Amino acid sequence: MPHITRIGVMTSGGDSPGMNAAIRAVVRTAIFSGLDVFGIFRGYEGLIDNQIEQMYSHSVSNIIQRGGTILKTARSKRFLEYDGRLKAYNNLRENKIDALVAIGGNGTFTGAAIFDNEFDFPVIGLPGTIDNDLYGTDATIGYDTALNTVVEAADKIRDTASSHDRLFFIEVMGRDAGFIALRSGISCGAEFILVPETITYIDNITRLLKHDWRKSKTSGIVIVAEGDDMGGAYDIARMVKEKLPHIETRVTILGHIQRGGSPTSFDRVLASSLGYYAVNGLLEGHRGEMAGIINKEVVYTPFDQAIKHHKDINKELLEMSRILAL
Ligand code: F6P
């Protein structure tokens, strides 16, 4: 087991609310354990460019409630190349850093797994993404806050949809996963929830709408995950409108509003716990793994499994949402 005295912490990929709480937990747990801790700015990009600064307990004061990430973040193309990774490794050596805590999602862990193997350098991951698409944890840091952001927006849209007798198509994030769409859709009583994990049949939607519209409903909400197989909210709205021209439709893309904001209590506790477990995990010899929480227990899952084993969407919940929306 390598002797660890100095660790680095970074955030990488898309930001998510709660990343700051995770950084705070990593820094303070490390200091409590007698380690020196270094912040790496702008993810792998900053690692390649040696944007590394020592952090102290006061460096993370007053950040637990803030969205975004004080360490900044980036998606790094250079880290995909061996030359970029070699520069990153040399910078870690130069700063005498023995291990790394990487907070991010799929892309972050793909890079971390290669790096750990290539340079025999211990990396541990924390799941930081609003998408909740990582295997090995019940929830990712930021997912709960993003859900609440969507629900707040959808409730407001529901008011105006109802006043004007309109059908709204609300597009939420989730390039490859429908977790945000599913839970936010159930929470706001959406008439339809469209996710990448299931085939979307436009005919099913229009058939039900033909039956319900003006009989039991005069307005409605369709939640569309951006990665749906039939396209985004604009595409779906156009296809529905072609078949049902009498229904007045509108489209709202919630976009990056879902990535910001003060984290919920759930995300703050999750991020704090995972930051603590990540540092303790490293000291116990865990590496090449992501710290997650399943059924209230900490679990360390190898990076390749966290990325490749697709966490299944709950199809029963999807079915339930259809019944409840009738
Ligand atoms: O954070 C994950 C995610 O929000 C995806 O759902 C989305 O497709 C993507 O990031 C967009 O990120 P960016 O605009 O930063 O490339």
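Start by selecting helix α1 (residues 19–32) and helix α9 (residues 265–283), whose axes come within 7 Å and cross at roughly 35 degrees. The model on screen is a predicted one. Turn the view until both axes can be followed; the crossing of α1 and α9 is right-handed.

Now show side chains. From α1, the contact is made by Ala21, Ala22, Ala25, Val26, Thr29 and Ala30. On the α9 side, select Arg268, Ala271, Ser272, Gly275, Tyr276, Val279 and Asn280. Coloured by residue class, the contact of α1 with α9 shows 8 nonpolar, 4 polar and 1 charged residues.

Next, colour by domain. The chain is divided into domain 1, which takes in 6–142 and 263–308, and domain 2, which covers 143–259. Where the domains meet, 18 residues of domain 1 are in contact with 12 residues of domain 2.

With the domain colours still on, move to the largest pocket. Which domains contribute to the lining of the largest pocket? Domain 1 and domain 2 each supply at least three residues to the lining. The space in the largest pocket is about 710 Å³. To centre the view, select Gly13, Gly14, Arg75, Gly107 and Arg175, which are the closest to the pocket centre of the 33 residues that line it.

Then highlight helix α4 (residues 106–119): with 6 residues, α4 gives the largest share of the lining of the largest pocket.

For the last stop, select helix α6 (residues 179–187) and helix α11 (residues 315–324). These helices pack at an angle of about 35 degrees, and their axes are 10 Å apart. Here the crossing, that of α6 and α11, is left-handed.

Show the side chains of Leu182, Arg183 and Ile186 in α6, which meet Leu317, Leu318, Met320 and Ser321 in α11. By class, the residues of the contact of α6 with α11 are 5 nonpolar, 1 polar and 1 charged.

Notes
Residues are numbered from 1 along each chain as its sequence is written. This is a predicted model: local features need pLDDT of at least 70, side-chain atom pairs count only at pLDDT 80 or more; totals for chains, interfaces and linings use all residues. Side-chain values use heavy atoms; hydrogens and water are left out. Axes are lines fitted to C-alpha atoms, for helices over the stretch in contact, and angles run from 0 to 180 degrees between N-to-C directions. Helices (H or I, at least four residues) and strands (E, at least two) are DSSP runs, numbered from the N terminus. A crossing is left-handed if the near helix is turned anticlockwise from the far one by less than a right angle, and right-handed if clockwise. Contact means heavy atoms within 4.5 Å. Ala, Val, Leu, Ile, Met, Phe, Trp, Tyr, Cys and Pro count as nonpolar, Asp, Glu, Lys and Arg as charged, and the others, Gly among them, as polar. On a 1 Å grid over the protein atoms alone, a cavity is a set of points where a 1.4 Å probe fits but cannot get out, and a pocket is an open set with protein on both sides within 12 Å along at least five of seven lines; lining residues have an atom within 4 Å of a point. Grid points are joined across faces, edges and corners, and a volume is the space filled by probe spheres set on the points. Domain bounds come from an automatic or database domain assignment.
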